[in-house]
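Visitor: I would like to learn how to read a structure like this one. Can we go through it feature by feature?

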Amino acid sequence: MKSYEKIEQYDTEITEALADNYKVIIENLGEDVTREGLEKTPERVAKAMQYLTHGYGLDPLEILKSAMFTEDHQQMIVVKDIEVYSMCEHHMLPFFGKAHVAYIPNGKIVGLSKIPRVVDAFARRMQVQERLTDQIKNCIQDALNPLGVAVVIEAQHMCMQMRGIQKQNSVTTTSSFTGAFEKDKTRKEFISLVSNKLS
């Protein structure tokens, strides 16, 4: 019977440096970092933080450019309910929710899976929701030059729920539009599509 082996790929130097810092943080919080439950915690957190911020190592524009295709379709393309997990840059606490993204092609379309990948590439960084929304929109606009782009993000912020004002049911919604989506009719169609469940 083979023994269990977990294979991970992390930068050794960065992991060690982060782990050393987290060890000090845990000790300064009043805990005994040598006890069994915390002995490997600094290294685990170091690896977790690298994963949670791995978007810094990704190029969202190149992700889109890797799967662009010529197509005459000029109707709205919507990818909705994309899971978003990000890190508030003010308190380093998570915020999470869903992104809804649409664009109207202008001669070029992109592989559908690339849109969630772009969302992840920007989300897996220290962020604020407002900037995240704009970055996704701008990246799609720059890569495809479509007739318009729409991005809406709905998220819950742990910095508002676990601390501070402690409002457990609050949801923050941000939106950003270009081109055709700045027209009321097109924007309403997009909001209708992301709001309704298709049967």
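Visitor: How far apart are the mean positions of the positive and negative charges of the protein chain?

Guide: This is a predicted model, so every value here is computed from it. The chain has 24 positive and 27 negative charges, and their mean positions are 6 Å apart.

Visitor: What does the accessible surface of the protein chain come to?

Guide: About 12300 Å². Carbon and sulfur atoms account for 50% of that surface. As for burial, 40% of the 199 residues count as buried. The C-alpha trace spans about 60 × 45 × 35 Å along its principal axes.

Visitor: How many helices and strands does the protein chain have?

Guide: There are 7 helices and 7 strands. Read from the N terminus, the order is α-α-α-β-β-β-β-α-β-α-β-α-β-α.

Visitor: How many bridges join β3 to β6?

Guide: Strand β6 (residues 148-157) is joined to β3 by 10 bridges, and the two run antiparallel. Look for facing residues. V101 stands opposite V151 in β6, and G97 stands opposite A155 in β6.

Visitor: Which residue in β7 stands opposite A155?

Guide: T172. Strands β6 and β7 are joined by 6 bridges and run antiparallel.

Visitor: How many of the residues of β6 are buried?

Guide: 8 of its 10 residues are buried, so the strand is mostly covered.

Visitor: On to charged side chains. How many salt bridges does a search of the whole structure find?

Guide: The general idea: side chains of opposite charge can pair when their charged atoms come close. The search of the whole structure finds 5 salt bridges. One of these joins E31 and R35, at 3.0 Å from N to O. E31 is partly exposed, at 36% relative accessibility. R35 is partly exposed as well, at 39%.

Visitor: Which residue forms a salt bridge with E89?

Guide: R131, with the closest N and O atoms 2.5 Å apart. Now place the two partners. E89 lies in the loop between β2 (77-88) and β3 (94-104), while R131 lies in helix α5 (residues 129-144), so the pair ties together parts that are 42 residues apart in sequence. E89 counts as partly exposed at 33% relative accessibility. R131 counts as partly exposed at 32%.

Visitor: By about how many helical turns are D184 and K188 separated?

Guide: About one turn, because they are 4 residues apart in helix α7 (residues 184-195). D184 and K188 form a salt bridge, with the closest N and O atoms 3.2 Å apart. D184 is partly exposed at 41%, whereas K188 is exposed at 55%.

Visitor: Which residues are linked in a network of salt bridges?

Guide: D184, R187 and K188.

Visitor: And R124: is it buried or exposed?

Guide: R124 is buried, and lies in the loop between α4 (114-123) and β5 (126-127). Yet R124 has no salt bridge. The nearest side chain of opposite charge is D120, at 4.8 Å.

Visitor: Then which residues does R124 touch?

Guide: Leave out residues up to four places away in sequence. R124 then touches Y51, L52, T53, H54, G55, Y56 and Y85.

Terms used: Residues are numbered from 1 along each chain as its sequence is written. This is a predicted model: local features need pLDDT of at least 70, side-chain atom pairs count only at pLDDT 80 or more; totals for chains, interfaces and linings use all residues. Side-chain values use heavy atoms; hydrogens and water are left out. Buried means under 20% relative accessible area, exposed over 50%, partly exposed in between (1.4 Å probe, protein chains only). Lys and Arg count as positive and Asp and Glu as negative; His and the chain ends are not counted. A salt bridge is a side-chain nitrogen of Lys or Arg within 4 Å of a carboxyl oxygen of Asp or Glu. Contact means heavy atoms within 4.5 Å. Accessible areas come from the Shrake-Rupley method with a 1.4 Å probe; for residues, only the protein chains shown count as cover. The place of a charge is taken as NZ of Lys, CZ of Arg, CG of Asp or CD of Glu. Two strands pair if DSSP finds at least two bridges between them.
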